[in-house]
Amino acid sequence: MASVHIRNVHKHFGGTHVIRGVDIDIADGEFAVLVGPSGCGKSTLLRMVAGLEEISGGEIAIGGKVVNDTPPKERDIAMVFQNYALYPHMKVRDNMAFSLMLAKRPRSEIDERVNRAATILGLGDLLERYPRQLSGGQRQRVAMGRAIVRDPQVFLFDEPLSNLDAKLRVAMRTEIKELHQRLKTTSEYVTHDQIEAMTMADQIVVMRDGIVEQRGRPLELYDHPANLFVAGFIGSPAMNFLPATIRRGSNGARVEVAGGVTVPLPRDAAGEDGQKVIFGMRPEHLALAADGQGLAAQVVVVEPTGADTQVFAKIGGTEVTAVFRERHEFRAGEAIRLVPDHERTHLFDAESGKSLRH
Amino acid sequence: MNRLFNNKHFLGMLFMLPAGVLLLVFLTYPLGLGTWLGFTDAKIGRAGHWIGLDNFQYLVGDSVARLALFNTLFYTVVASALKFALGLWLALLLNRRLPFKSFFRAVILLPFIVPTALSAIAFWWMYDAQFSVLSWALERMGLIHTYIDFLGDPWNARFSTIAANVWRGVPFVAICLLAGLQTISPSLYEAAALDGATPWQRFRHVTLPLLTPIIAVVMTFSVLFTFTDFQLIYVITRGGPLNATHLMATLSFQRAIPGGSLGEGAALATLMIPFLLSAILFSYFGLQRRKWQQGGRD
């Protein structure tokens, strides 16, 4: 096992600068998730750690050793590919044994390690099958088995669940997390799905356009997003944003949204009087208010999921989402009043998009 | 009647009828006629009589026919092996990221596009005893002192015709194998690299097994084409010198048309069928679709 340090790493593809100075530290045994929209450079970064892409600038160290010029096979890493990349002409057993066979390990050791990995992943009955004969979830498991067998310093996962259906994805998510708790191997996991990131990660790294927008523990990112992008990306349904202005007066700091309604701000909110801001409220932190209180909203659509009720409504001209644990029956067009949990609202500078708390 | 036309099997038969008739008239009839001629003493201008296996008995004892059989096997084995090796090498090269890739891929096909008779004439000229550009170039480089007798010496002639055949056949093999290479997912190579495979091991354990099905098909065709080759030999050497380059196809033509012995020529051509059939069966049974290619569950 080893730590991974990525220092000021750059990547150019011809004239395009796809990774623009990224710093990430992954502690020994940590499960780090790189998350971001497609094209943000997260997969490229992972492939650079694997040694499948050259590093244009900066350095990557695995276990304290800079690996910029180390070929992939000497980095002692294992990777799970999005399309699994199982060798179609080899049985499951041979797929898992391939790396050990190349390393010229004795037959008995290979068998023992393959069987152990197969037991961990419940692949025992499938060892004599070809990848063609497996379902998507089983192939996914074989791909992980191939990684486990090698007992590498670092696991790399490149969107491993994106080819699975929704139900299986949730199950495999848990399985991977369980596996990590058991093996405690340093892992770097790439996904575009923020729920995967939130549920699995010790550390989340949010990337956009080749830079790191924020990194930290999942709940840290949820509670204190550093900017508008992270605030909108982490959390589902996404955070609501309203254009607003800060008003500091005798009765404390308040924020004035369109229509002149004011809402109190958290005690530690920064920002000056008259500053243009974006006011952020998470859907799950909105509550219904009595007449004359909170923000006036007009119901657009109601989506009951059973467990909760999602209400899409309009405040001024802006569409917002609210999630209630209780069941409500609203009609489209009905006027309701929404009040945010003041201590859990967010303020972002209207120009830079940066959080005013950080 | 209406019920008949709603019957799937009857309709299937009906729709296959035109194709069946075409096959029967244009494929089976000539093949059958050729085979039948092999059992007669037909000559040009004279209808033949059934003589049983006489033609075959004669051919088995005929040293020229036996030489032609040896030549054909030698020609086929050596040329096919060279075509496979060079074709695979070219395909691997063209599958890499190189500048002007599409240009090279197009150029590779040139020998395949040129009419055989035309390229054969070019080779004939290059192999000419007096005007050979190859001999001239080698002499100018100081590598040889007398012109090489490409087509006058039996073994020289054999290798010269094989070279011409390889030149013509490599593009087909290379392009087909290239198509096969492109179906192999790059992530398999990446996975293999991470698994610790050297470039050779990647070729040996990933490329080659995944390419086997294509290799089987391509090489079957290549062997069939080479075994039945006629044009190149007929233009470059006409079977000479001393019948050293006569293939079964050229000798069969020689005996049947210029020689007039239709029956004997036909018998010689018929003798090719068992060899061709065994090549097809070998590829069908030995190299048929592997288990891993078949979909579904076991």
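**Salt bridges, burial and surface in a predicted model**

Arg255(B) counts as buried, at 17% relative accessibility, where buried means under 20% relative accessible area, exposed over 50% and partly exposed in between, calculated with a 1.4 Å probe and protein chains only. This is a predicted model, in which local features need pLDDT of at least 70 and side-chain atom pairs count only at pLDDT 80 or more, while totals for chains, interfaces and linings use all residues. Residues are numbered from 1 along each chain as its sequence is written, chains are lettered from A and ligands numbered from 1 in the order in which they are written, and side-chain values use heavy atoms, with hydrogens and water left out.

**Salt bridges**

- Arg255(B) pairs with Glu264(B) in a salt bridge whose closest N and O atoms are 2.8 Å apart, the term meaning a side-chain nitrogen of Lys or Arg within 4 Å of a carboxyl oxygen of Asp or Glu.
- Glu264(B) is likewise buried, at 14% relative accessibility.
- In chain A, Lys91(A), Arg93(A), Arg107(A), Asp111(A) and Glu128(A) are joined into one network by salt bridges that share partners.
- A further salt bridge links the side chains of Lys11(A) and Glu53(A), at 3.9 Å from N to O.
- Because Lys11(A) belongs to strand 1 (residues 4-13) of chain A and Glu53(A) to the loop between helix 1 (42-50) and strand 4 (57-62), this pair ties together parts that are 42 residues apart in sequence; helices (H or I, at least four residues) and strands (E, at least two) are DSSP runs, numbered from the N terminus.
- Both Glu53(A) and Lys11(A) are buried.
- Arg217(A) and Glu220(A) also meet through their side chains in a salt bridge, at 3.1 Å from N to O; Arg217(A) is exposed at 52% relative accessibility, whereas Glu220(A) is partly exposed, with a relative accessible area of 31%.

**Chain A as a whole**

- Chain A contains eight helices and 20 strands, and its C-alpha trace spans about 80 × 45 × 35 Å along the principal axes.
- Of its 358 residues, 52% count as buried.
- Where contacts (heavy atoms within 4.5 Å) in chain A join residues at least 6 apart in sequence, 66% of them are between residues at least 24 apart.

**Nonpolar surface of chain B**

- Phe100(B), Phe103(B), Phe104(B), Val107(B), Leu110(B), Phe112(B) and Ile113(B) make a nonpolar surface patch of about 730 Å².
- Helix 5 (101-108) and helix 6 (110-113) of chain B are the elements that give two or more residues to this nonpolar patch.
- Such patches consist of residues with over 30% relative accessible area and no salt bridge, with like charges joined within 9 Å and nonpolar side chains (Val, Leu, Ile, Met, Phe, Trp, Tyr) within 5 Å.

Terms used:
Areas by Shrake-Rupley, 256 points an atom, 1.4 Å probe, with all protein chains shown as cover.
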